[in-house]
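Colleague: I would like to learn how to read a model of this kind step by step, from strand pairing up to the arrangement of domains. Could we go through it together?

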Amino acid sequence: MTKALYLEDMYLKEFEAVVESVSEEKFIVLDQTAFYPKSGGVDNDSGIFRRLSDNKEFKVIFARKIENEISHEVEELGLEVGDKILGILDWNRRFELMRYHTAAHVLSGVFFNEGNVKVTGNNLVLGKGRIDFNFPNFERDLVEKFVERSNEIIQSDLNVESHYITRDELEQDASLMKLNMGLPKNIKHVRIVDIKTFDKQPDGGCHVSHLGEIGKIQIQKIQNKGKNNRRLYFELI
Ligand SMILES: [Zn+2]
């Protein structure tokens with residue numbers, strides 16, 4: 001099982017690791033990684049692997065989760081089981097994805113707390129965020145108000161922290177259970193991401209350490225995706 005270093009240190013930009021498996025010459029599993037795999041509506045990290053024995057570089061163009069492993073796709077062939085590498089993240093990309101992902105937390109928290117509007121999905125890539133929400137009595141003005149409120153919260157620069165709780169603790173906390181849809185039965189410890197005084201939820205993603213790093217949310221467009229379903233596109237400036 002790949003150790004996911006990004007769960008403990010979201011600001012880790014380089015790490016050493018050992019190649020554990022290679023399939024089709026280009027799909028690499030390491031013993032540990034700081035590369036975030038595409039999941040939860042957030043795009044994957046990219047970067048390079050530098051083999052320590054000869055400094056040869058392998059460009060990492062994709063990362064995804066396969067069962068308990070994180071599989072990295074590299075462009076250059078030649079890595080072998082047992083090779084030691086230095087993994088180097090494309091930090092500008094990762095940091096921007098962390099900003100977008102954390103912005104999505106703030107938006108979904110405000111939509112829920114202030115409008116009882118539930119976010120049903122999101123997709124966050126470089127330069128563009130998308131949030132889908134269930135909004136029976138949709139009003140454009142209200143969405144604009146929620147975004148304005150989200151920006152006020154971002155400006156207040158709250159700390160973002162994470163910690164682990166047991167499944168029992170999770171199930172006893174109604175405020176966390178509202179978002180706990182479909183947590184696999186075998187998961188005994190749950191990572192909680194806590195935007196201090198604002199919102200807590202079970203989460204395996206990467207976030208900035210305080211909200212001020214997000215910048216400012218700007219609405220690009222709001223689409224009607226059928227009865228009750230709306231889609232908000234935003235960018236960070
Ligand atoms: Zn998150």
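Modeller: Let us begin with pairing: two strands count as paired if DSSP finds at least two bridges between them. What you see here is a predicted model, and in it strand β9 (residues 118–125) and strand β10 (residues 128–134) are joined in the antiparallel sense by seven bridges. Within that pairing, Asn122 stands opposite Ile131 in β10.

Colleague: How many residues lie between the strands in the hairpin of β9 and β10, and which residue there takes a positive phi?

Modeller: Two residues separate the strands of this hairpin, and Gly127 has the positive phi, near 80 degrees.

Colleague: Which residues other than glycine have a positive phi, and where do they sit?

Modeller: Among them is Asp157, with a phi of about 60 degrees, placed in the loop between α2 (140–155) and β11 (160–166). Thr197 is another, with phi near 70 degrees, in the loop between β12 (189–195) and β13 (199–202). Asn116, which follows α1, also has a positive phi, near 55 degrees.

Colleague: What should helix α1 span, and how far apart are its end C-alpha atoms?

Modeller: Helix α1 covers residues 91–115, and its 25 residues, at 1.5 Å a residue, should span 36 Å; the end C-alpha atoms are 35 Å apart, so the two values agree.

Colleague: Which strands form the closed barrel, and in what order?

Modeller: The barrel has six strands, running β2-β3-β7-β6-β5-β8 with antiparallel pairing. On average, neighbouring strands of this sheet are turned by 45 degrees against each other, direction ignored. As one of its pairings, strand β5 (residues 47–51) runs antiparallel to strand β8 (residues 84–89), with five bridges between them, and Phe49 stands opposite Gly87 in β8.

Colleague: Which residues of the largest nonpolar core touch the most other members?

Modeller: They are Phe35, Ala103 and Leu107, in a core of 46 residues. The largest share of this core, nine residues, comes from α1, while domain 1 (3–89) and domain 2 (94–236) each supply at least three of its residues. If neighbours within four places in sequence are left aside, Ala103 is in contact with Gly129, Ile214, Ile217 and Leu236.

Colleague: How far apart are the C-alpha centres of domain 1 and domain 2, and how many residues are in contact between them?

Modeller: The domain assignment of the protein chain gives domain 1 as 3–89 and domain 2 as 94–236, and their C-alpha centres lie 27 Å apart. Across the boundary, ten residues of domain 1 are in contact with 15 residues of domain 2.

Methods
Residues are numbered from 1 along each chain as its sequence is written. This is a predicted model: local features need pLDDT of at least 70, side-chain atom pairs count only at pLDDT 80 or more; totals for chains, interfaces and linings use all residues. Helices (H or I, at least four residues) and strands (E, at least two) are DSSP runs, numbered from the N terminus. The expected span of a helix is 1.5 Å times one less than its number of residues. Axes are lines fitted to C-alpha atoms, for helices over the stretch in contact, and angles run from 0 to 180 degrees between N-to-C directions. A nonpolar core is a set of buried Ala, Val, Leu, Ile, Met, Phe, Trp, Tyr and Cys residues joined through C-beta atoms within 7 Å. A residue is buried if 20 or more other C-beta atoms lie within 10 Å of its own, exposed if 12 or fewer, and partly exposed in between; C-beta atoms are placed from the backbone. Domain bounds come from an automatic or database domain assignment. Two residues are in contact if their C-beta atoms, placed from the backbone, lie within 7 Å.
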